[in-house]
Amino acid sequence: MAEAVLETRDLRKAFGALQATDDVSISLRAGEIHAIIGPNGAGKSTLIAQISGALAPDAGQVVLDGRDVTGLPVQARARAGLARTFQISQLAMEDTVLQNVALGALGAQGRPFGMFRPVLRDRAIRDRAEAALERVGLSGQRAMRAAELSHGERRKLEVAVALTLEPRAFVMDEPMAGLGTEGSVQLTGFLDGLRAQAPILLVEHDMDAVFALADRVSVLVYGRVIASGTVGEIRRDKAVREAYLGDEA
Ligand SMILES: Nc1ncnc2c1ncn2[C@@H]1O[C@H](COP(=O)(O)OP(=O)(O)OP(=O)(O)O)[C@@H](O)[C@H]1O
């Protein structure tokens, strides 16, 4: 079995009496898409926040490439290769597509964002940004403002920003949110190809996308992983059908 690129080990987080993350151990292997699904309030966002470093767990570890990163802040984890894309876009909407990616490239070098505009004249940063745009198929839109892009293109731009960090693993929080059917189908195809670049831990409510993409699915309910397996195994799982999937399976 391929070694895990990203792992949580017995992660725990409580909010008062509520156990939002209850001994969660999941792994992400090279080349795979591992989907985390579950009902509202199951603890998916809380789990992702601990993986990305936004929230400190009460116990347990987050391990990236065999290295315990539990004590590292968000930026340091990002530089270590953990690329998180967000439910709410972090793009600078009034800046161009290229400027947005250059900002990411600048962050990748650990330089402050203040000197941003002149930095587009920096050849190395510009090249890195152009290469990332090429990889997501947005080179033709480089001079457009981010605000002018479709929702689906914005998701690709977020991935391009993440690619400047040469990520080892992607963590994606509901990338299909806000996309229509056609947009979801397109983004599904895009993510399918992206897994070769780096594996993807995917939190997603869109079951069509999950069933089409996931090599493995883990189901969270009340902070616990109640089942983990292939799409087929999860769709047949009685407890999962009762707790979450119902007729969708
Ligand atoms: N900062 C917080 N303080 C107190 N309770 C919280 C906090 N963040 C989350 N919770 C609670 O923890 C539980 C898990 O929430 P979380 O947002 O992680 O679920 P989720 O699976 O991401 O839900 P959704 O699918 O609706 O996004 C919920 O009961 C929520 O109310």
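Predicted model: local features only at pLDDT ≥ 70, side-chain atom pairs only at ≥ 80, totals over all residues.
Which residues are around the ligand?

Around the ligand you'll find F15, L18, A20, G38, N40, G41, A42, G43, K44, S45 and T46. Two elements give two or more residues each to this shell: strand 2 and helix 1, the latter spanning 44–52. Helix 1 supplies the largest share, with three residues.

Sorted by class, the shell has six polar residues, four nonpolar ones and one charged one.

## Strand 1 and its partners

Strand 1 covers residues 4–15 and pairs with strand 3, residues 27–29, through three bridges in the antiparallel sense. To find this pairing on screen, pick E7, whose bridge partner in strand 3 is S27.

Strand 1 is also joined to strand 5 (residues 59–64) by five bridges, and these two run antiparallel as well. Here the pair to look for is T8 with V62, its bridge partner in strand 5.

Next up is strand 2, residues 18–24. It pairs with strand 1 in the antiparallel sense, over five bridges. Go to R12 and you'll see D22 of strand 2 standing opposite.

The hairpin of strand 1 and strand 2 has two residues between the strands, and G16 takes a positive phi near 60° there.

## Helix 5 against helix 6

Now for a helix pair. Helix 5 (residues 151–163) packs with helix 6 (residues 181–194) at an angle of about 20°, and their axes are 9 Å apart. An angle under 35 degrees counts as roughly parallel, so that is how helix 5 and helix 6 are arranged relative to each other. Their crossing is right-handed.

Who makes the contact? From helix 5, the residues are H151, G152, R155, K156 and V159; from helix 6, they are G183, Q186, L187, F190 and L194. By class, this contact of helix 5 with helix 6 has four nonpolar, four polar and two charged residues.

Terms used:
Residues numbered from 1 in each chain as written. Axes fitted to C-alpha atoms, helices over the stretch in contact; angles between N-to-C directions. Helix = DSSP H or I, 4+ residues; strand = E, 2+ residues; numbered from the N terminus. Parallel < 35°, antiparallel > 145°, perpendicular 65-115°, else oblique. Left-handed = near helix turned anticlockwise from the far one by under 90°. Contact = placed C-beta atoms within 7 Å. Nonpolar A, V, L, I, M, F, W, Y, C, P; charged D, E, K, R; others polar. Pairing = 2+ DSSP bridges. Near = placed C-beta within 6 Å.
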